[in-house]
Amino acid sequence: MGWPLRIGRVNFGPTMKDERPPANTLQEFTARQANLSFWQAAGMGLVSPKAVLRIDYRSGVDPTILDAHFAWDNVIYQDLAPLEVPAGMVSIGVGDGDVEIEFETDVPGCPDEDGIQEDVPLVFTGGIVMPNLVAGNILFAFSKFALSDPQNMSIESRDSGGSAAIPFTLTLW
Amino acid sequence: MTGFPNRPARLAFGPNMRNKRPPAIADKDLSANQVNLNFWQTAGSGRTTPMAVFLYDGAGDGGLGKMLFQAFAFDPNQLIQLGDFDVVKNGTGDYTFTFATNYPDETGNPIPFVPRMSQSQVQNGGTTEFASSFLPIGQSIQVQVRNTSDTLVDRTIMLAVW
């Protein structure tokens, strides 16, 4: 079972061995290739962000998602429609001056290694927010990130001039 | 080249594969296209992914500091337990993360690793508190958390290291 779960090398099966030396390395998939691929995929699965979002956030305007990439939503990649909230996210809005984002508690219909579809818990551990200053803004920007629980988070993104709403890129683990 | 902590390029995964024969059954015969795509994506992601991520509570354990979460691309077997990684709390709001000089690859051979860059963020503060991760010195990355009065403060930080 993969994303949104973080799985280890053991989930990819044992270290593979060649049944016989490959006769044609262009046409035969070797144990070395399999083991390297599994090692890399498993390692990346532990450290990679689960989600990366680019959010437009300006004073007087509700935050909108400009771009979103979720590790578990990888069957087909499509650009978001305007104001679309991507699958897996419940809501994005402003509360107490912060951008508040709520994700689903699980991702439905994740296929396991046997092809059986089941709901998989969606849990975030932390995040990094990078304010993205608009061209021409010569101030510096800073941010705050906090998780109230594994699916709910609040973000502030503001500049040193006092503007309390700066677009930002959010990376979630 | 082997895997993490190396960052193997596409060539390390072997040549572009070709089908010995057209796949007869799509869900039972692995095709060259599938293998090549898998290698391409894996090699590409392997170039950009962090090597390690940490969630560290500077105020945890009665102020001694506590690692809450850690993950390493070079440890897909998850053998490094919480508490085993070398992180030192130098003082209030001042933490140093130190990597070993090498870690085993998928064959068990030790591979040198040196941290190159990092990003960090306070997870439980306000917009008046900032985490700064310093340029690596040798195997170590130092992170400090300060407020706008330039005072070091203990907070929980997220640190991603490349």
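Is A:Arg20 buried, partly exposed or exposed? In this predicted model, A:Arg20 has a relative accessible area of 46%, so the residue counts as partly exposed. Its salt-bridge partner is A:Glu28, and the closest N and O atoms of the two are 3.0 Å apart. A:Glu28 has a relative accessibility of 11% and therefore counts as buried, the limit for that class being under 20%. Side chains of opposite charge can pair when their charged atoms come close.

A:Glu28 has a further partner, on the other chain. The side chains of B:Lys20 and A:Glu28 meet in a salt bridge with an N to O distance of 3.1 Å. B:Lys20 belongs to the segment before H1 of chain B, and A:Glu28 to the segment before H1 of chain A, so this pair joins two chains. B:Lys20, at 52% relative accessibility, counts as exposed, because the class begins over 50%. The buried A:Glu28 thus forms salt bridges with A:Arg20 and with B:Lys20.

How many salt bridges does the rule find across the interface of chain B and chain A? There is one, and the pair that forms a bridge from chain to chain is A:Glu28 with B:Lys20. On the side of chain B that touches chain A, at least two residues each come from helix H1 (32-48), strand S1 (52-57), strand S2 (66-72), strand S7 (118-122) and strand S10 (156-161). H1(B) gives the largest share of that side, six residues. Sorted by class, the side of chain B that touches chain A consists of 25 nonpolar, 21 polar and five charged residues.

The extent of the interface can be given in two ways. In residues, 51 of chain B are in contact with 37 of chain A. In area, about 3600 Å² is buried between chain B and chain A, and carbon and sulfur atoms give 64% of it.

The interior comes next. In soluble globular proteins, nonpolar side chains tend to be buried together. Here the largest nonpolar core has 36 residues, and those with the most contacts inside it are B:Phe54, B:Phe85, B:Phe97, B:Phe99 and B:Ile157. This core draws on both chains: helix H1 (31-47) of chain A supplies at least two of its residues, as does each of S1, S2, strand S4 (94-98), strand S9 (140-147) and S10 of chain B.

Which residues does B:Phe54 contact, leaving aside its neighbours within four places in sequence? Among them are B:Phe85, B:Phe97, B:Phe99 and B:Ile157, which are also listed with B:Phe54 as having the most contacts inside the core. Another core, of 27 residues, lies apart from the largest one and includes A:Ile55, A:Phe103, A:Phe124 and A:Leu170.

Over all chains the structure holds 10 salt bridges. One of them joins the side chains of A:Arg58 and A:Asp56, at 2.7 Å from N to O. Its two ends fall in separate accessibility classes: A:Arg58 is partly exposed at 39%, whereas A:Asp56 is buried at 19%. Elsewhere in chain A, salt bridges link A:Asp98, A:Lys144, A:Glu156 and A:Arg158 in a network.

Some details of the backbone remain. In chain A, the peptide bond from A:Trp3 to A:Pro4 is cis, with omega near 10°, and A:Pro4 sits in the segment before H1 of that chain. In chain B, a cis peptide bond joins B:Phe4 and B:Pro5, with omega about 10°; B:Pro5 is in the segment before H1 of chain B.

Chain B also has residues other than glycine with positive phi. One is B:Asp61, with phi near 55°, placed in helix H2 (residues 60-63). Another is B:Gln78, whose phi is near 55°. B:Gln78 is found in the loop between S2 and strand S3 (86-91) of chain B, and at 43% relative accessibility this residue counts as partly exposed.

Key
Residues are numbered from 1 along each chain as its sequence is written. Chains are lettered from A and ligands numbered from 1 in the order in which they are written. This is a predicted model: local features need pLDDT of at least 70, side-chain atom pairs count only at pLDDT 80 or more; totals for chains, interfaces and linings use all residues. Side-chain values use heavy atoms; hydrogens and water are left out. Contact means heavy atoms within 4.5 Å. Buried area is the accessible area (1.4 Å probe) that two parts lose on being put together, summed over both. A salt bridge is a side-chain nitrogen of Lys or Arg within 4 Å of a carboxyl oxygen of Asp or Glu. Helices (H or I, at least four residues) and strands (E, at least two) are DSSP runs, numbered from the N terminus. Ala, Val, Leu, Ile, Met, Phe, Trp, Tyr, Cys and Pro count as nonpolar, Asp, Glu, Lys and Arg as charged, and the others, Gly among them, as polar. A nonpolar core is a set of buried Ala, Val, Leu, Ile, Met, Phe, Trp, Tyr and Cys residues joined through side-chain atoms within 4.5 Å. Buried means under 20% relative accessible area, exposed over 50%, partly exposed in between (1.4 Å probe, protein chains only).
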